[in-house]
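Subject: Structure handover and what was found in it

Dear colleague,

Please read the notes with the coordinates open beside you.

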Amino acid sequence: MKIGILGGGQLARMMALRGAELGLEICILSDNKNDPAAQVTQNWSAGSIDDTVAVQRFFSGVDAVTFESEFINTKKLESKLNTTLIKKVQPTPECIGILQDRSTQKALLFENKIPTSPFIVSPDQFQIMDFFKASKSGIVCKKRTNGYDGYGTFIIRNQQELNTFIANNSKTGQFDGREYIAENLVTFSRELAVSAVRDINGHILWTPVVEWKARDSKCWWVKGPVKHKNIDKLKRNLSSLLQKINYIGFISFELFDTKKGLFINEVAPRVHNSAHYSLNALPIDQFQLHLMAIAGLSLKKMGPNNSTLNPISKSFAMVNLVGKEIAETSKLEVKLKRALPLISGAGFLHWYNKDTEKPGRKMGHINVCSSESADKALKKALSLEKEFFNEFKK
């Protein structure tokens, strides 16, 4: 079976690698033949959704299509495809359209009585000022679309920060908030995440709950499994939501652990950084689960409906390797050869083979599986991260 992926970054790369192990033929449509995913498959095609001919040719040559990222213009894509070809896409453009816009995403959560922070959409200057005054701890303004790793997110805790935000988003002296939602700033003790995969028959499997921490607005590390007394109720409600919108594929939910229980912060309709640990810690990883679901294969034999996949070790951790300087390919290759032996036997290195290291750019990640506690697994992963970059500096 041929599976098409729109996009050529690290998520597509890991889908291509893991899909090949399932016997699936993975095809990539991306801009550059040096993209991380293009390097690991013979079935790479140049193009983007702006290229009607390339898109139609790509779709005609595969059995199913999925996205690397939800940040895709689904209306533009649909305009280039006939009904037969658009039916190959999972999750459907309709699902992606709802979930890629934070305003409709949040509305969906509210409609289904799933806890999330109160919000307003596309506020004018008076609305955002009133919303800020009514808040207790401040507000967060987020771009409705294309926001990730902290990009397009602005935390506002005082009047001065609000004034600056309004000034920076004003045109001819008039505040323009059409691109944003504003929501109450949530006070939380920790950030958690949980993911699910749903097949075409409506069978749902869950991954373990994990705790994660950001650094410079990017996911730094993940550890698990963790427990929470309210997770089962939340998962039941989320399962009902996935059934309601007929979502097919892998999906992740970022959570705030608060005094009032679990709140949904973000929904990511795709494979997700918080589940990268699954490459080594689960009997089947998020990339294979997603591909099987969108290929129309049943997940029923992997566990009862709404059950959680059990880790193959007592605990696990993942730490992202985030770029610290600007370095070209040749220098990266030398660095990697020097640093690679540090990981062998102690953890698992997943390197994305990007052509340039840049500050803040995700270059790879390290997984650790442990027979001890999640805290000890994380401590080991962080020590490997430190040693890795110490070697990189030489």
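The largest nonpolar core holds 40 residues, where such a core is a set of buried Ala, Val, Leu, Ile, Met, Phe, Trp, Tyr and Cys residues joined through side-chain atoms within 4.5 Å, and the members that touch the most others are I3, I26, V197, V222, Y277, F287 and L289. Helix α11, residues 286-294, gives the most to this core, contributing six residues; helices (H or I, at least four residues) and strands (E, at least two) are DSSP runs, numbered from the N terminus. Buried here stands for under 20% relative accessible area, exposed for over 50%, and partly exposed for what lies in between, with a 1.4 Å probe and protein chains only. Apart from this core lies another, of 25 residues, including I114, L192, L241 and F253. In soluble globular proteins, nonpolar side chains tend to be buried together.

Please keep in mind that this is a predicted model, in which local features need pLDDT of at least 70 and side-chain atom pairs count only at pLDDT 80 or more, while totals for chains, interfaces and linings use all residues. Residues are numbered from 1 along each chain as its sequence is written, and side-chain values use heavy atoms, with hydrogens and water left out.

To return to I26, if residues up to four places away in sequence are not counted, I26 touches I3, I5, M15, A16, G19, A20, T41, N43 and L291, a contact being heavy atoms within 4.5 Å.

There is an open sheet of four strands with parallel pairing, in the order β3-β2-β1-β4, and two strands are said to pair if DSSP finds at least two bridges between them. Its edge strands, each pairing on one side only, are β3 (44-46) and β4 (64-67), and neighbouring strands are turned against each other by 25 degrees on average, direction ignored. Angles run from 0 to 180 degrees between N-to-C directions, and axes are lines fitted to C-alpha atoms, for helices over the stretch in contact. Four bridges link β1 (residues 2-6) with β4 in the parallel sense, and L6 stands opposite F67 in β4. Helix α11 packs on this sheet, touching β1, β2 (25-30) and β4, and its direction makes about 135 degrees with that of β4.

Another open sheet of four strands, with antiparallel pairing, has the order β5-β10-β6-β7; the edges are β5 (119-121) and β7 (153-156), each of which pairs on one side only. Within this sheet, β6 (residues 139-143) and β10 (residues 180-184) run antiparallel and are joined by five bridges, with V140 opposite E183 in β10. Helix α6 (residues 102-111) lies across β5, β6, β7 and β10, at about 135 degrees to β5, whereas helix α8 (residues 159-168) touches β6, β7 and β10 and makes about 145 degrees with β7. In the loop between α6 and β5 lies N112, which counts as buried because its relative accessibility is 18%; leaving aside neighbours within four places in sequence, N112 is in contact with L241 and K244.

Finally, the cysteines: with a disulfide taken as a pair of cysteine sulfur atoms within 2.5 Å, the count comes to zero. The sulfur of C369 is 16 Å from the closest cysteine sulfur, that of C219, and is therefore too far for a bond. C369 counts as partly exposed, at 28% relative accessibility, whereas C95 counts as buried, at 3%.

With best regards
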